[in-house]
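The entries below follow the order in which I checked things.

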Amino acid sequence: MKGALVGCGFFAQNQLHAWSEIEGVEIVALCDRDEDRLTQTGEAFGIARRYTDAAQMLAEGGFDFVDIATTVGTHRPLVELAAQHDLHVICQKPFAPTLRDARAMAQAVEATGKTFAIHENFRWQSALRHVIEEVRSGVIGTPFFGRVSFRSGYDVFSGQPYLAEGERFIIEDLGIHILDVARALFGDVDRITATTRRINPAIRGEDVATMLLAHSGGASSVVDCSYATQRVLETFPETLLEIDGTGGTLTLDAGYRLRVHTAEGTTQTELDPPLLSWAERPWHNIQESVLIFQRDFIAALREGRAPETAAADNLKTFALVEAAYLSAREGRTIAPDTL
Ligand code: NAD
């Protein structure tokens, strides 16, 4: 299986490391508008075919899929270009600038019959995945309450300066991941209510969001995120969980510590993710999830099934993002299906 990657920036380095670990997959071409980044990345990963123009790279072809790792403003034209060339596509989150763009992109690839996945990796973090599987297996019965929480004071702006500049920040960048985790745990969402705040005066968008979700299956969840929280322990980039079910409770606490309490007793499991050879603390849980996500994408292609975070599924997560902003702006509860 051969792939090409567009956008050799901050996060793409993880994607390239992960591709190099997946058997039978080779990234044969790279593209970035920035020649320095293109050269550095090409040298680091030994990839000789390099382009500053994605259209040219796709016209020359010689690969089965394209991995789009640029920021959101270029996602739609690049996905549509990939569709014109009949390629399988992975596109980084957030899906698109608007839901309308996202739907058009999904339709463009669907019309080709090729596979289109969004690089939504949080639900693939091994600790979160362990909990998702436990909940789905019914260990604590049917969940009726959940909290999915990401609160930190970590400086994300030095590595990703664009995060300080956008009108939207935390829901679009980080909330999107934990809204997706809430969907993976408790199912689709009928209604969402959100509040937002900007605490850090040096950025444009909101850095605190608190969201209440009513899930179709009957559970309620609180999905909360902050990059304005100074605390001990600093838990970046961990997502913490608290789930009440009809047959017990479960918490995933700081340090990847899982506690499950049922009538049979209480168990504690340490879920600290492995430190891959190319990974660095504290990002190692995210880096591992990139590898697991990409493996699922390749397995899906080989098995002829949809990847778990296929575009069609991720449209529902993205609709929650749009609904959360609308709710916060207008001070009302939104049904994402109506958007
Ligand atoms: P970045 O700015 O560091 O890198 C983007 C690169 O894309 C740049 O090198 C830029 O020159 C290049 N580029 C932009 N448009 C291009 C085009 N049309 N053709 C060729 N090259 C182009 O950004 P980043 O921090 O790596 O983020 C990239 C994406 O990854 C964002 O959408 C971000 O939200 C996402 N991201 C995801 C995670 C995750 O956990 N899934 C984590 C961080 C970032």
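**Pockets and cavities**

I started with the largest pocket, which holds about 1100 Å³ of space. The model is predicted, and I read every value here as computed from it.

I then looked up the lining of the largest pocket and found 50 residues, with A69, T70, T71, V72 and Y162 nearest the pocket's centre. The elements giving two or more residues to this lining are α1 (12-21), α4 (75-84) and α7 (170-186). Of these, α7 gives the most, with four residues. By class, I noted 25 nonpolar, 14 polar and eleven charged residues in the lining of the largest pocket.

Where does the largest pocket lie relative to domain 1 and domain 2? Domain 1 (2-114) and domain 2 (122-278 + 310-338) both contribute lining residues, so I place the pocket between them.

The largest cavity holds about 40 Å³. Which residues line the largest cavity? I listed Q125, A127, L128, E238, T239, L240, L252, D253 and Y256. Both α6 (126-136) and β12 (248-253) supply at least two residues each to that lining. Sorted by class, the cavity lining has five nonpolar, two polar and two charged residues.

Last, I looked at the record. UniProt, in an unreviewed entry, puts "domain: GFO/IDH/MocA-like oxidoreductase" at residues 130-250. In the model, that span is 20% helix and 35% strand, and its end C-alpha atoms are 12 Å apart.

Notes. Residues numbered from 1 in each chain as written. Predicted model: local features only at pLDDT ≥ 70, side-chain atom pairs only at ≥ 80, totals over all residues. Heavy atoms only, no water. 1 Å grid on protein atoms, 1.4 Å probe; cavity = no way out; pocket = protein on both sides within 12 Å on 5 of 7 lines; lining within 4 Å. Points joined across faces, edges and corners; volume = space filled by probe spheres on them. Nonpolar A, V, L, I, M, F, W, Y, C, P; charged D, E, K, R; others polar. UniProt positions renumbered as here; feature names shortened; annotations may be inferred. Domains from an automatic or database assignment.
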